[in-house]
Amino acid sequence: AGSVEPAYATGQSLAAAGVVAGGDMTPEAALVKLGWLLGCGLAPEEVRRMMGTDLRGEVTNRQAQRFSLSDGGFLRRVFSAASLESVAL
């Protein structure tokens with residue numbers, strides 16, 4: 001799975017043309033989500049915003065997947081996954 005990143009020329013061109021970023025949503029999920037949001041009677045700006053927001057697991061939350069070695073988060077998650085939560089950092 002992949003997505004168009006706005007940091008690259010292609011993503012910037014698409015954004016300038018008014019394309020709404022859908023992250024890594026499947027085309028099927030994007031179509032259903034767009035239909036549902038439009039059916040809710042939301043303003044176009046709100047529909048654009050909500051298309052990139054995870055409502056029911058259709059978009060991967062990339063922020064939640066990031067680890068940091070500097071704050072100990074990575075080690076806490078490793079210990080938690082290995083059921084070693086009692087080990088002091």
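First, some ground rules. This is a predicted model, in which local features need pLDDT of at least 70 and side-chain atom pairs count only at pLDDT 80 or more, while totals for chains, interfaces and linings use all residues. Residues are numbered from 1 along each chain as its sequence is written, and side-chain values use heavy atoms, with hydrogens and water left out.

**The overall picture**

The protein chain has four helices and zero strands, giving the pattern α-α-α-α along the sequence. Helices (H or I, at least four residues) and strands (E, at least two) are DSSP runs, numbered from the N terminus. Of the 89 residues in the protein chain, 15% are buried. Here buried means under 20% relative accessible area, exposed means over 50%, and partly exposed lies in between (1.4 Å probe, protein chains only). The accessible surface comes to about 6,800 Å², and 59% of that belongs to carbon and sulfur atoms. Such areas come from the Shrake-Rupley method with a 1.4 Å probe; for residues, only the protein chains shown count as cover.

**The core**

The largest nonpolar core has six residues: M25, L37, V47, M50, M51 and V59. A nonpolar core is a set of buried Ala, Val, Leu, Ile, Met, Phe, Trp, Tyr and Cys residues joined through side-chain atoms within 4.5 Å. In soluble globular proteins, nonpolar side chains tend to be buried together.

Helix 3 (residues 44-51) has V47, M50 and M51 as its buried residues. They cover an arc of only 100 degrees around the axis, so they lie on the same side of helix 3. (The arc is that of the directions from the helix axis to the C-beta atoms.) These buried residues of helix 3 pack against helix 2.

L37 is placed in helix 2 and counts as buried, at 0% relative accessibility. Leaving aside residues up to four places away in sequence, L37 touches L42, V47, M50, M51 and L55, where contact means heavy atoms within 4.5 Å. L37 and V47 are ten residues apart along the chain, and their C-alpha atoms are separated by 6.1 Å.

**Charged pairs**

How many salt bridges does a search of the whole structure find? It finds two. A salt bridge is a side-chain nitrogen of Lys or Arg within 4 Å of a carboxyl oxygen of Asp or Glu.

| Pair | N to O distance |
|---|---|
| K33 and E58 | 2.6 Å |
| R49 and E46 | 2.7 Å |

K33 lies in helix 2 (residues 27-39) and E58 in the loop between helix 3 and helix 4 (73-81), so this pair ties together parts that are 25 residues apart in sequence. K33 counts as buried at 6% relative accessibility, and E58 counts as buried at 19%.

R49 and E46 both lie in helix 3, three residues apart, about one turn of the helix. R49 is partly exposed at 47%, and E46 is partly exposed at 28%.

**Back to helix 4**

F74, L75 and V78 make a nonpolar surface patch of about 230 Å². Patches are made of residues with over 30% relative accessible area and no salt bridge: like charges are joined within 9 Å, and nonpolar side chains (Val, Leu, Ile, Met, Phe, Trp, Tyr) within 5 Å. F74 itself counts as partly exposed, at 32% relative accessibility.
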